[in-house]
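Subject: Structure for your review

Dear colleague,

Please find below the structure that I am handing over to you, together with its sequence. I would be grateful if you could read the notes with the model open.

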Amino acid sequence: MVDYFDELETRDAEQRAADLAETLPAAIGRARTAPALARLLREVDPATIRDRAALAALPVIRKADLTEAQRKNPPFGGFATRLAAEFDHIFQSPGPIYEPGRHAGDFWRLGRFLHAAGIGRGDIVQNCFGYHLTPAGMMFDSAARAVDAAVLPAGTGQTDLQVRAAADIGCTAYAGTPDYLKVILDRADEMGETLSFRSAVVGGGALFPALRQHYADRGIQTRQCYATADLGNIAYESDAMEGMIVDEGVIVEIVRPGTGDPLPDGEVGEVLVTTLNPDYPLVRFATGDLSAVMPGVSPCGRTNMRIKGWLGRADQTTKIKGMFVRPEQVAALVARHPEIARARVIADRDGDMDAMTVQIESPREAVAEYDASVVEALKLKGRVEVLAPGSLPNDGVVIEDRRRYD
C-alpha cells in the first residue's frame with residue numbers, strides 16, 4: 001500500500017477543481033500585495049480567477065522581467081510580499097538573481113519528493129547540494145526536516161572527506177546532482193570503503209538511464225525532481241516511474257514557447273508555473289524549460305497532473321553541472337576581451353558527467369587568459385578552444401547543448 005505524504009495527493013478531479021476555485025483567487029489576491037505584481041495585475045479581479053482558463057488570460061512573467069526588476073529594485077524586484085529582513089535567508093543565484101527562503105513550513109515543498117522516494121525518520125541524508133550563496137543546499141535540508149530525516153550538510157567537493165563522512169556516519173541517502181554520487185562511490189571503492197546509501201534524490205541535471213541503472217546495480221534507488229530556486233518543487237518521480245507528478249503547491253501550464261497560449265495535452269511546449277507560496281507568489285512564471293502533459297493519472301495513485309519531465313530549453317539558457325549558463329553571461333565573456341569576435345558554449349558529456357567547452361573566435365592564442373575569464377563570467381570551469389575569426393557559424397547560437405536524453 002502506498003504511503004502518501006498527505007491527502008492532497010489523491011484528490012479526485014472534482015475535488016481538485018473545487019479546491020482550485022477557492023485557493024486560486026486567494027493566491028492572486030495575495031500576489032497583488034507585492035508591488036511588482038500589483039502593477040502587473042492591477043486590472044485583474046482576483047475573484048474571477050477561479051480555474052485554469054481564467055489563469056491563462058493573465059500575463060506571463062519571464063526570467064528577464066525578474067532580473068530587470070531586481071536590478072532596479074533589489075533584492076526581490078517587488079515580487080515578494082515581505083520585506084527582505086522578514087525572510088530567514090536571502091540567496092544569490094548566477095545572474096545574479098536573488099531568492100528568499102524561510103525555515104518554517106518546508107518553504108520549497110521538497111519534503112513531498114523525499115517522502116515519495118522513501119526517505120524519512122531513521123535516514124541520514126548526505127546533502128551534496130551547495131550551501132554557499134545558492135539555495136539548493138537549504139532546499140534539501142528543509143525537505144529532510146519535513147520528513148524527520150537527519151542531514152549531513154556536506155555541500156560540494158572534497159570527495160575524500162565526503163567518503164570518510166558517509167562511511168563513519170552511515171549515511172543512507174544521497175541528495176545532489178546525478179553524477180556526483182558516482183564520483184563519491186568510485187572514490188569509496190578506491191579507498192576500500194563500503195557505503196550505506198540506499199536512496200538517492202537528485203536534481204540540477206539530467207539523470208541518464210545508464211547512470212540510474214548503475215546506481216540500481218549497487219542497490220541505490222534513485223529518484224529525480226524538477227525544482228528551481230524561484231519556484232521550489234515543480235514535479236517529482238514516484239515509484240511508478242511514469243513521468244513526473246506535479247507538486248501540490250504549484251499550478252503548471254504547458255504553453256506555446258514565447259507565448260502564454262496553452263497547448264493540448266501531449267504537445268511539447270514551455271513550462272509556466274504559478275506558485276501558491278504566499279511570501280513569493282510568482283504568477284505564470286516562464287521557466288524556459290520544455291515539457292508535455294501526460295494523459296491519465298499515475299499508477300502509484302497520486303492524481304495530480306503528470307509531465308514528461310525536462311525535454312530541453314525553450315531558450316538557449318542551459319544547465320551544465322547543475323548551474324545555469326545564460327546568453328548574457330556569454331556576452332559578458334566576449335565583452336571582457338575586445339579582440340574576441342564571438343563565443344559559443346557547448347554542453348556535452350564526458351562519460352557520466354557534464355562537460356563544457358567554450359569556443360572563442362580570436363586572433364590571440366591566449367588560452368590561459370580566456371580560461372580565467374570563462375570561470376569569472378560563467379562561474380564554471382571548462383575547456384577553452386581558440387578558433388580563427390569567422391570559424392563559428394553565423395546562426396546566432398551562443399549555447400549549444402549536444403547532450404542526448406534518450
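The notes below begin with the whole chain and then turn to its sheets, its loops and a few single residues.

Please bear in mind throughout that this is a predicted model.

Overall form

The chain is made up of eleven helices and 20 strands. The C-alpha trace extends over about 65 × 55 × 45 Å along its principal axes. Among the 406 residues, 50% count as buried. Of the contacts with a separation of 6 or more, 61% are made by residues 24 or more positions apart. The accessible surface amounts to about 17700 Å², and carbon and sulfur atoms contribute 52% of it. As for charge, the chain carries 45 positive and 58 negative charges, whose mean positions lie 3 Å apart.

Sheets and strand pairing

An open sheet of nine strands has the order β4-β3-β5-β6-β7-β8-β9-β14-β13, with mixed pairing. Its edges are β4 (150–152) and β13 (293–294); each has a single partner strand, so one side of each is left without a neighbour in the sheet. Within this order, β8 (residues 232–236) and β9 (residues 244–246) are antiparallel and share two bridges, with Tyr 236 opposite Ile 245 in β9.

Strand β11 (residues 269–275) also deserves attention. Seven of its seven residues are buried, so the strand is largely enclosed by the rest of the structure. Strand β10 (residues 250–255) runs antiparallel to β11 and is joined to it by six bridges; here Glu 253 faces Leu 272 in β11. Strand β12 (residues 285–291) is likewise antiparallel to β11, through four bridges, and Glu 270 is placed opposite Leu 290 in β12.

Glu 99 belongs to strand β2 (residues 97–101). Its relative accessibility is 2%, so Glu 99 counts as buried. Beyond its neighbours within four places in sequence, Glu 99 contacts Phe 76, His 89, Ile 90, Phe 91, Gln 92, Ser 93, Pro 135, Ala 229 and Asp 230. Ile 49, 50 residues away in sequence, is 26 Å from Glu 99, C-alpha to C-alpha.

Thr 134 is located in the loop between β3 (124–127) and α6 (136–146). With residues up to four places away in sequence left out, Thr 134 touches Phe 91, Gln 92, Ser 93 and Pro 94. The C-alpha atoms of Thr 134 and Thr 194 are separated by 31 Å, at 60 residues apart along the chain.

Backbone geometry in the loops

Two cis peptide bonds should be noted. One runs from Pro 74 to Pro 75, with omega near 0 degrees; Pro 75 lies in the loop between α4 (63–72) and β1 (89–93). Another runs from Gly 95 to Pro 96, with omega near -10 degrees, and Pro 96 is part of the loop between β1 and β2.

Asp 148 has a phi of about 65 degrees and sits in the loop between α6 and β4; with a relative accessible area of 44%, Asp 148 is partly exposed. Lys 379, with phi near 65 degrees, lies in the loop between α11 (367–378) and β19 (383–387). Lys 379 is exposed, at a relative accessible area of 52%.

With kind regards

Notes. Residues are numbered from 1 along each chain as its sequence is written. This is a predicted model: local features need pLDDT of at least 70, side-chain atom pairs count only at pLDDT 80 or more; totals for chains, interfaces and linings use all residues. Side-chain values use heavy atoms; hydrogens and water are left out. Buried means under 20% relative accessible area, exposed over 50%, partly exposed in between (1.4 Å probe, protein chains only). Contact means heavy atoms within 4.5 Å. Accessible areas come from the Shrake-Rupley method with a 1.4 Å probe; for residues, only the protein chains shown count as cover. Lys and Arg count as positive and Asp and Glu as negative; His and the chain ends are not counted. The place of a charge is taken as NZ of Lys, CZ of Arg, CG of Asp or CD of Glu. Two strands pair if DSSP finds at least two bridges between them.
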